[in-house]
Amino acid sequence: MFENIIKNIERFITISPEEKQFFTDLLVCETFPKKTVLLREGEICQFEGYIHKGCLRMYCLDDNGTEVTILFAIEDWWISDIASFQEQKPSKVYIETLEDSEIYMLNPATKEQLLQEFPKFERVFRLLIQRNLVTLQSRLVDTISKTASDRYLEFIKVYPSIPQRVAQYYIASYLGVSKEFVSTIRKRLASKEK
């Protein structure tokens with residue numbers, strides 16, 4: 001049951017059978033139907049979640065109330081509002097399932113218990129935060145310096161399965177373009193492949 005999350009953790013550290021057992025005993029496995037909002041703006045994030053199955057997105061609302069997708073997360077990825085979770089302050093984002101999803105979750109107390117008992121897990125969460133920062137920084141630079149077409153190409157390189165799993169308007173909101181633009185570029189790329 002926990003094979004995938006253990007492999008994910010063991011990319012960063014080696015853990016003993018005792019440590020594996022302690023870690024997995026702390027996890028709460030939750031299943032959520034498609035279109036479930038796990039976190040809303042103004043709420044305090046109470047989870048760091050490993051996605052065993054499914055696809056989620058994090059988004060915020062702009063001044064006009066339009067949803068702007070910040071990131072997608074799929075199997076073998078972690079998701080949380082790190083700032084809200086760490087600081088226990090109200091979130092500025094929403095987290096929603098785009099597919100039926102199964103997520104292994106830690107809450108602030110269980111995460112603290114894990115880190116107290118086995119401090120080596122600090123490395124895992126530090127590296128996850130660093131990877132998250134690198135991804136967001138790259139996205140910011142791409143948004144400023146690349147054309148919309150190049151951003152789409154980069155998007156499908158980073159998220160190759162997402163275009164088949166989510167509606168075009170979510171991808172458009174991630175790229176900051178219209179859904180018509182996404183449709184046009186997809187058609188253009190499909191005609192080049194023929």
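How many bridges pair S3 with S8, and in which sense? Select both strands: S3 and S8 pair over five bridges, in the antiparallel sense. Strands here are DSSP runs of E with at least two residues, helices are runs of H or I with at least four, and both are numbered from the N terminus. Two strands count as paired if DSSP finds at least two bridges between them.

Before going on, note that this is a predicted model, in which local features need pLDDT of at least 70, side-chain atom pairs count only at pLDDT 80 or more, and totals for chains, interfaces and linings use all residues. Residues are numbered from 1 along each chain as its sequence is written, and side-chain values use heavy atoms, with hydrogens and water left out.

**The sheet**

Now show the whole open sheet: four strands in the order S1-S8-S3-S6, with antiparallel pairing. At the edges sit S1 (28-32) and S6 (78-79), each pairing on one side only. Zoom in on Gly-49: across from it in S8 is Met-105, and its bridge partner in S6 is Ile-79. The S3 and S6 pairing is antiparallel too, over two bridges.

Slide over to S1, which is joined to S8 (residues 101-106) by five bridges, the two running antiparallel. Pick Glu-30 and you'll find its bridge partner in S8, Ile-103.

**A helix across it**

Next, select H1 (residues 3-10). H1 lies across S3 (48-53), S6 and S8, at about 125° to S3. Angles like this run from 0 to 180 degrees between N-to-C directions, using axes fitted to C-alpha atoms, for helices over the stretch in contact.

**Two helices crossing**

Head for H6 (residues 148-158) and H8 (residues 168-175), which pack at about 115° with axes 10 Å apart. Arg-151, Tyr-152 and Phe-155 of H6 meet Ile-171, Tyr-174 and Leu-175 of H8; contact means heavy atoms within 4.5 Å. Of these contact residues, five are nonpolar, none polar and one charged. Nonpolar covers Ala, Val, Leu, Ile, Met, Phe, Trp, Tyr, Cys and Pro; charged covers Asp, Glu, Lys and Arg; the others, Gly among them, are polar.

**The cysteines**

Last stop: there are zero disulfides, a disulfide being a pair of cysteine sulfur atoms within 2.5 Å. From Cys-29, the nearest cysteine sulfur is that of Cys-45, 17 Å away. From Cys-55, the nearest is that of Cys-60, 17 Å away. Cys-29 is partly exposed at 32% relative accessible area, while Cys-55 is buried at 0%. Buried means under 20%, exposed over 50%, and partly exposed in between, with a 1.4 Å probe and protein chains only.
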